[in-house]
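Q: I have the sequence and the structure open, and I would like to learn how to read them. Can we go through the features in turn?

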Amino acid sequence: MLTIKQRDAEGVTILDLSGRITIGQGSAQFREAIRQLMEQGRNRLLLNFADVSYVDSSGIGELVSAYTTLNNQGGQLKLLNLPKRIKDLLRITKLLTVFETFDDEAAALRSFQ
Amino acid sequence: MQQRKPTVGLTIASDFHFVELAEIVTKHVAALVGFDEDAAGWISMAVREAVINAIKHGNKQDRNKLVEIEFSFNADTITIKVMDRGEGFDLADVPNPLDPENLLKPSGRGIFYIRSFMDEVHFSPRPGGGTIVSMVRRKRRKEGEKKDADH
C-alpha cells in the first residue's frame with residue numbers, strides 16, 4: 001500500500017510518498033499519480049522517499065519510467081531523503097548516476113531554479 | 001557427520017498478491033537460521049524477485065499453475081529453491097541491466113538483484129517442465145562483509 005500526498009513549493013510539485021512501491025498496487029498507484037501530474041502540466045517533480053519502507057525491481061522500473069518520460073517532455077524528476085536500502089538498490093544498478101538525489105529539501109528545491 | 005538440514009515449504013498460486021507472503025516467510029526463516037535483520041531483508045528481496053519472475057515470466061500469471069518455494073538450512077547456510085511450471089528460459093537472452101543501452105529500461109533488473117544479494121544462484125530446468133532457481137546465502141563472520149548492496 002502506498003500513500004501519496006502532494007504539495008507545491010517554489011514551482012516544484014513535491015510528492016510525499018509513504019509505504020511500499022512494489023509490483024501490483026503500489027507500482028500502479030505511483031504510475032497513475034505521475035500520469036495525472038503530467039496531464040496537469042506539472043513536470044518539475046520532487047519525490048520524498050522519507051517514509052517509503054520498501055521498493056522492489058518493479059518500483060525501481062516505475063521510477064526509471066517516470067524519469068525518462070518527464071525528461072523526454074522537458075521536465076525534471078529528483079529524489080529526496082532516500083532510505084539506505086533504496087539507495088543501495090539504485091547504486092548497484094548504476095541508477096544513482098542517473099538520478100539527482102538530495103537529503104535536504106531546501107537544497108533540492110534550489111536545484112530546480 | 002553431516003548436519004541435519006531442516007526444510008520449510010510454501011506453495012502459492014501465480015498471483016502477485018502472494019508475493020508479500022513469500023517475502024514475509026523468507027524473512028522469518030532467515031531470522032530463524034540466525035541471519036541479522038539486514039541480511040534477512042536482502043535474502044527476502046532475492047526470493048521476492050525470484051517469485052515475481054516465476055509468476056510473471058514462468059507461469060505467465062496462470063493461477064492454476066503453482067509456484068513452490070523450498071527453504072533448507074543448517075547452522076551457516078540457507079538454500080532457497082523457487083520452482084515454476086513455465087516453459088523455461090535461456091539466461092543468455094537476459095540483457096545486462098548495467099549496459100548503457102539498458103540502464104534506463106523499466107524492467108530487467110530482477111535477476112541482477114537476486115545475484116547481487118545471494119552468494120550462489122543456479123537456474124535449471126525442472127523435471128516435468130518449468131524452472132528451478134536455487135539460491136544460497138552463507139552467514140558471514142560479520143554480516144554485510146561481501147555483497148555490493150552492503151557497501
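A: Start with contact: two residues are in contact if their C-beta atoms, placed from the backbone, lie within 7 Å. This is a predicted model, in which local features need pLDDT of at least 70, side-chain atom pairs count only at pLDDT 80 or more, and totals for chains, interfaces and linings use all residues. Residues are numbered from 1 along each chain as its sequence is written, and chains are lettered from A and ligands numbered from 1 in the order in which they are written.

Q: With which residues is Y113(B) in contact, leaving aside its neighbours within four places in sequence?
A: The partners of Y113(B) are S57(A), M45(B), A46(B) and E49(B). Y113(B) itself belongs to helix α3 of chain B. Helices (H or I, at least four residues) and strands (E, at least two) are DSSP runs, numbered from the N terminus.

Q: Is Y113(B) buried or exposed?
A: A residue is buried if 20 or more other C-beta atoms, placed from the backbone, lie within 10 Å of its own, exposed if 12 or fewer, and partly exposed in between. Y113(B) counts as buried because it has 23 C-beta neighbours inside 10 Å.

Q: Which residues of α3(A) are buried?
A: They are I86(A), D88(A), L89(A), L90(A) and I92(A). These buried residues pack against β3 and α2 of chain A together with α3 of chain B. Just after α3(A), K94(A) has a positive phi of about 60°.

Q: At what angle do α1(B) and α2(B) cross?
A: Axes are lines fitted to C-alpha atoms, for helices over the stretch in contact, and angles run from 0 to 180 degrees between N-to-C directions. The axes of α1(B) (residues 19-33) and α2(B) (residues 37-58) come within 8 Å and cross at roughly 145°. A crossing is left-handed if the near helix is turned anticlockwise from the far one by less than a right angle, and right-handed if clockwise; the crossing of α1(B) and α2(B) is right-handed. Residues of α1(B) that meet α2(B) include A22(B), T26(B) and A30(B), and those on the α2(B) side include I43(B), V47(B) and V51(B). By class, this helix contact has 10 nonpolar, three polar and three charged residues.

Q: What is the strand order in the sheet of chain B?
A: Two strands pair if DSSP finds at least two bridges between them. The open sheet of five strands in chain B has the order β1-β2-β3-β5-β4, with antiparallel pairing. β1 (7-13) and β4 (120-125) of chain B stand at the edges with a single partner strand each, so one side of each is left without a neighbour in the sheet. Inside the sheet, seven bridges join β3(B) (residues 77-83) to β5(B) (residues 131-138), with T79(B) partnered by V136(B). α1(B) lies across β1, β2 (66-73) and β3 of chain B, at about 175° to β1(B).

Q: And what is the order in chain A?
A: Chain A has an open sheet of five strands in the order β1-β2-β3-β4-β5, with mixed pairing. Eight bridges join β2(A) (residues 12-21) to β3(A) in parallel, and R20(A) has Y54(A) as its bridge partner. β3(A) (residues 44-55) and β4(A) (residues 76-80) also run parallel, over five bridges.

Q: What is the hand of the crossover from β3(A) to β4(A)?
A: A crossover is right-handed if, with the strands pointing away from the viewer, the path from the first strand over the helix to the second runs clockwise. The chain goes from β3(A) through α2(A) (residues 57-72) to β4(A), and this β-α-β crossover is right-handed.

Methods. Ala, Val, Leu, Ile, Met, Phe, Trp, Tyr, Cys and Pro count as nonpolar, Asp, Glu, Lys and Arg as charged, and the others, Gly among them, as polar.
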